[in-house]
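Please work through the exercises below with the sequence and the coordinates open beside you. Each task is followed by a solution that goes step by step.

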Amino acid sequence: MVIKMKKILLIGKLNNIMKETNKFLSQFFHVQLCSENAGVLEGMMKIVNPDLVLISLVGAYDIDTSIFFMLSDQYARIPVLTIGTKEESNAFFKYYENRQFENLIRPVENTAIKKAICRRLDLNEQEIEKNTAGKIKETEDKKRVLVVDDNGTALRTMKAMLEGYYEVAVAISGAQAMTSIGKKRPDLILLDYEMPVCNGKMTLEMIRADEDMKDIPVIFLTAINDRANIEAVLKLKPAGYFLKPPVKERLLAEIDKILNPAP
């Protein structure tokens, strides 16, 4: 029997532990990364609709405490696992009084995190391992595409369009995109040109300013179809651009051409 992979929203600071946790859990679950910001989390909860939320409490004094209130108030049915020392979890002790929240004492092995996720979601751990064993190589072989757009509906549409062909990550702002890239480097980025605060141009400039990111191909998505806007987009020399909403077949063909260039 094939078991549908559960969706995990992984919240935490960029560090090697988070990267390893993400890599390990992605073998068994659909994992989406998110920063510890209430506004970002609110958007990601609606886009991802996770089965479980996993929060790293490293540097707990920096965590936006309102995310705990949001999860308990608006998403009480979704189990929340935190990973932190007793001291780190003490900052949020009142939330652990109900069964929604549970803390795993750090340091903790990734296998123990998986076991706790299975327990909270009432999953058979052996069945999960058996079901996903054949998918590990498939996931590793899939190219990773990051879609960046401040519009939740657009993100959901793009994710549905691409996820049968690529490993798809999403970000709702330029700042979150940079965090996501740092945690797991994508092979290609689909970037909304018109975003508030940090628009597509600024996000692309940040990507190109980073030595480890500068060679990632970026395709712009723009909703404005006029000559001045298109010329402004092309001046940035992206790998490509599409008017929104893009035609699925054309977009897939362009992505394939960029990721798999002819010899």
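Predicted model: local features only at pLDDT ≥ 70, side-chain atom pairs only at ≥ 80, totals over all residues.

Residues are numbered from 1 along each chain as its sequence is written, and side-chain values use heavy atoms, with hydrogens and water left out.

**Exercise 1.** Classify the ring pairs that Phe101 forms with Tyr95 and with Tyr96.

*Solution.* Rings of Phe, Tyr and Trp (its six-membered ring) pair if their centres lie within 6.5 Å, and planes under 30 degrees apart count as stacked, over 60 as edge-to-face and the rest as tilted. A search of the whole structure finds eight aromatic pairs. In one of them, Tyr95 and Phe101 lie 5.8 Å apart from centre to centre with 45° between the planes, which makes the pair tilted. For Tyr96 and Phe101 the centres are 6.3 Å apart and the planes stand at 85°, so this pair is edge-to-face. Burial (under 20% relative accessible area, with exposed over 50% and partly exposed in between, for a 1.4 Å probe and protein chains only) applies to Tyr95 at 12% and to Phe101 at 4%.

**Exercise 2.** Determine which residues line the largest cavity and which element supplies the largest share of the lining.

*Solution.* On a 1 Å grid over the protein atoms alone, a cavity is a set of points where a 1.4 Å probe fits but cannot get out, and lining residues have an atom within 4 Å of a point. Grid points are joined across faces, edges and corners, and a volume is the space filled by probe spheres set on the points. The count comes to one cavity of 30 Å³ or more, and the largest cavity has a volume of about 30 Å³. Its lining consists of Leu33, Cys34, Ser35, Gln176, Thr179, Ser180 and Lys183. Helices (H or I, at least four residues) and strands (E, at least two) are DSSP runs, numbered from the N terminus. The elements β2 (30–34) and α9 (174–183) each supply at least two lining residues, and the largest share, four residues, comes from α9. Eight of the 10 residues of α9 are buried, so α9 is largely enclosed by the rest of the structure.

**Exercise 3.** Describe how β8 is covered and how β8 pairs with β6 and with β9.

*Solution.* Strand β8 (residues 188–192) has five of its five residues buried. Leu188, Leu190 and Asp192 point one way, whereas Ile189 and Leu191 point the other way. Two strands pair if DSSP finds at least two bridges between them. Strand β6 (residues 144–148) and β8 pair in the parallel sense over four bridges, with Leu146 opposite Ile189. Four bridges also join β8 to the parallel strand β9 (residues 218–222), where Ile219 is the bridge partner of Leu190.

Key
1 Å grid on protein atoms, 1.4 Å probe; cavity = no way out; pocket = protein on both sides within 12 Å on 5 of 7 lines; lining within 4 Å.
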